[in-house]
Amino acid sequence: MKLDYRRYDLKLKHTFTISRSSRDIVPVVLLELEKDGITAYGEASPNARYNETPETVETFFSLIDLEKLSDPFKIERINDYLDSISDHNASAKAAIDIAIHDWVGKRTGMPLYRYFGGEKEKAPITTFTIGIDSPEIIVKKTREAVEYPVLKIKVGLPNDEEIIKAVRSVTDKPLRVDANEGWKSKEEALERINWLSTQNVEFIEQPMPAAQIDDVRWLRERVKMPIIADEAVSSMYAIPELATAYDGINIKVQKNGGLLKARKMIYAARVNRMKIMLGCMIETSVGITAAAQLSPLVDWNDLDGNVLISNDPFRGAQNKSGHIVLNDDPGLGVTPIS
Ligand code: MG
């Protein structure tokens, strides 16, 4: 078995601002795993929120004993091995887990969505995300997003109302709103959510810091809008407690350490009667297509990371006006663009 990896800088079409950061370039690490003449792909999109960088990803890869990956069908055992190397490094583990799944799919001749038991026609519409910006730019971005039936709007800085009003000056389509932990007091969060309730908003994602679960529980008793956990969703073990404060969870293959763990979280969330959103980082079509393979199993999709960049080096699942179109190629179904 051979493992190769390289850094690659994703160029964003627009500066992407959320409540805690602003970026034009997002460095990822692309992975190639080769065994028995089959080349499989993976990707890590490291996240500073979880103390990850391209360096931490590469360090993690350098610690892997390839002998432990030699039977890719033992996906459970491989995931346990990756967890034994470190408690952290979710995106690096995701890269390996994605490539292992791609290999198994290619070896068995099966597209992963079928391996997972899903029906690709059932994938819910995906949102298109609009980052925090000036009202003029928000209006421009909203107009550019005309083909997408549902938008996800980032808020969490003092200009929330201005942003939503700018969007609403252009369109009345449904919105989903993500505060990325931006509201620090429960009273502030309550006031903002009450106002958002008048603006055709379907749900609010991570209104308050992940650690303030008691405040979110207080909020939930006072609002009708579903509250979805994102930054608070560290692993499947967090789900039973999250279910006491949130209506749903945002699962991300990169944040949660790969496809196997994401699937387990889908089932854990269902057991706890929670709604499921499938989210993403800024990623190439490798990471997005990996997540898209799970998309028929969830309630809401937010898989637009690859359409926000201008230099995607792969082709995979297509985003046709918010509809996720999976192909029937075995494995991930991604091809490098030469
Ligand atoms: Mg989020």
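Modeller: This is a predicted model. Start with β2 (residues 21-35) and β3, an antiparallel pair.

Biologist: What makes β2 and β3 a pair?

Modeller: The cut-off is at least two bridges. β2 and β3 are joined by 7 bridges, so they count as paired.

Biologist: Why are β1 and β3 called edge strands?

Modeller: The open sheet has 3 strands, in the order β1-β2-β3. β1 (2-18) and β3 (38-44) each have a single partner strand, so one side of each lacks a neighbour in the sheet. From one strand to the next, the twist averages 25 degrees.

Biologist: Which helix lies across this sheet's strands?

Modeller: Helix α1 (residues 54-62) lies across β1, β2 and β3. Its direction is at about 160 degrees to β1.

Biologist: Why is α3 described as largely enclosed?

Modeller: Buried means under 20% relative accessible area. In α3, 16 of the 19 residues are buried, so the rest of the structure largely encloses this helix.

Biologist: How do you know that α3 is roughly perpendicular to α10?

Modeller: The axes of α3 (residues 90-108) and α10 (residues 259-271) cross at roughly 95 degrees. The range for that label is 65 to 115. So α3 is roughly perpendicular to α10. Their axes come within 8 Å.

Biologist: Which residues of α3 meet α10?

Modeller: Lys93, Asp97, Ile98 and His101 in α3 meet Leu259, Leu260 and Lys261 in α10. By class, that contact has 3 nonpolar, 1 polar and 3 charged residues.

Definitions and conventions
Residues are numbered from 1 along each chain as its sequence is written. This is a predicted model: local features need pLDDT of at least 70, side-chain atom pairs count only at pLDDT 80 or more; totals for chains, interfaces and linings use all residues. Side-chain values use heavy atoms; hydrogens and water are left out. Helices (H or I, at least four residues) and strands (E, at least two) are DSSP runs, numbered from the N terminus. Axes are lines fitted to C-alpha atoms, for helices over the stretch in contact, and angles run from 0 to 180 degrees between N-to-C directions. Contact means heavy atoms within 4.5 Å. The expected span of a helix is 1.5 Å times one less than its number of residues. Buried means under 20% relative accessible area, exposed over 50%, partly exposed in between (1.4 Å probe, protein chains only). Angles under 35 degrees count as roughly parallel, over 145 as roughly antiparallel, 65 to 115 as roughly perpendicular and the rest as oblique. Ala, Val, Leu, Ile, Met, Phe, Trp, Tyr, Cys and Pro count as nonpolar, Asp, Glu, Lys and Arg as charged, and the others, Gly among them, as polar.
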